[in-house]
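Dear colleague,

Please find below the structure that I am handing over to you. My notes on it follow directly after.

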Amino acid sequence: LLKESLEAINLARNDLVQSIPTEVGQLLQLTDLRLFENGLEGEIPSEIADLTNLQHLAVVTLNTLTGTLPSMSDLRQLTYLDVRDNLLRGEVPDFGTLDSLNELYMFNTDLTGTISDGICDTIETAWIDCDEVVCSCCTARSGVACPDIPSQPPTAVPTTNQPTTKIPETLEELIM
């Protein structure tokens, strides 16, 4: 079955207008999930936390995801997290156990709270709403910044999508 072996999903820039299905949590081998620049709405499902092999998560720009950011504490292999430019709100989850996280993009959201100091040891690049989220990474390290400085963060993924098979019309088709 595809859902037992699928390691990467890149459905970026495909004009998907739907929510992220909770069944995404069944893709246990998934290491890379790129859903940016679509029309995704609704909440990021809490089942994302079941993807313990996940290394790259990008759900940014042109999506209007709402709700809170689900727990990420079991995603110990996560190296890249990009949730900027969404309607996410509430408290930032505890990132303290994400020892592999080295890129964090979390601005133009309504997230508030504190990011634990422990992840500053691994973070190389962070773009955070420093007026809303307390994070010692914002000021303690070079290469880590708040988005109000002149330079811009990188695009979510600097590649074009070159599908090798038919793109499903819905995310559910991919998972089922």
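This is a predicted model, in which local features need pLDDT of at least 70 and side-chain atom pairs count only at pLDDT 80 or more, while totals for chains, interfaces and linings use all residues. Residues are numbered from 1 along each chain as its sequence is written, and side-chain values use heavy atoms, with hydrogens and water left out.

**Overall make-up**

The protein has 3 helices and 11 strands. Helices (H or I, at least four residues) and strands (E, at least two) are DSSP runs, numbered from the N terminus. Read from that end, the elements run α-β-β-β-β-β-β-β-β-β-β-β-α-α. Of the 176 residues, 45% are buried; buried means under 20% relative accessible area, exposed over 50%, and partly exposed in between (1.4 Å probe, protein chains only). The accessible surface of the protein comes to about 8,500 Å², and 48% of this belongs to carbon and sulfur atoms. Such areas come from the Shrake-Rupley method with a 1.4 Å probe; for residues, only the protein chains shown count as cover.

**The sheet of six strands**

An open sheet is formed by 6 strands in the order E1-E2-E4-E6-E8-E10, with parallel pairing. Two strands pair if DSSP finds at least two bridges between them. At the edges stand strand E1 (8-10) and strand E10 (125-128), each of which pairs on one side only. Within this sheet, E2 and strand E4 (residues 56-58) run parallel and are joined by 3 bridges. Asp 32 has His 56 in E4 as its bridge partner.

**The sheet of three strands**

A further open sheet has 3 strands in the order E7-E9-E11, and its pairing is parallel. Its edge strands are E7 (89-91) and E11 (133-134), each pairing on one side only. E7 and E9 pair over 3 bridges, and Arg 89 stands opposite Asp 110 in E9. Strand E9 (residues 110-114) pairs with E11 over 2 bridges. On E11, Val 133 is the bridge partner of Gly 113, and Val 134 that of Thr 114.

**Salt bridges**

The structure holds 3 salt bridges, a salt bridge being a side-chain nitrogen of Lys or Arg within 4 Å of a carboxyl oxygen of Asp or Glu.

- Arg 13 and Glu 37 form one of them, with their closest N and O atoms 2.9 Å apart. Arg 13 lies in the loop between E1 and E2 and Glu 37 in the loop between E2 and strand E3 (41-43), so the pair ties together parts that are 24 residues apart in sequence. Arg 13 counts as partly exposed because its relative accessibility is 39%; Glu 37, at 22%, also counts as partly exposed.
- Asp 32 forms a salt bridge with Arg 34, the closest N and O atoms being 2.7 Å apart. Arg 34 lies in strand E2 (residues 32-34), and both Asp 32 and Arg 34 are buried. For Arg 34 the relative accessibility is 16%.
- Arg 84 and Asp 82 meet through their side chains at 2.8 Å, N to O. Arg 84 counts as buried because its relative accessibility is 6%, and Asp 82 counts as buried at 0%.

Yours sincerely,
A colleague
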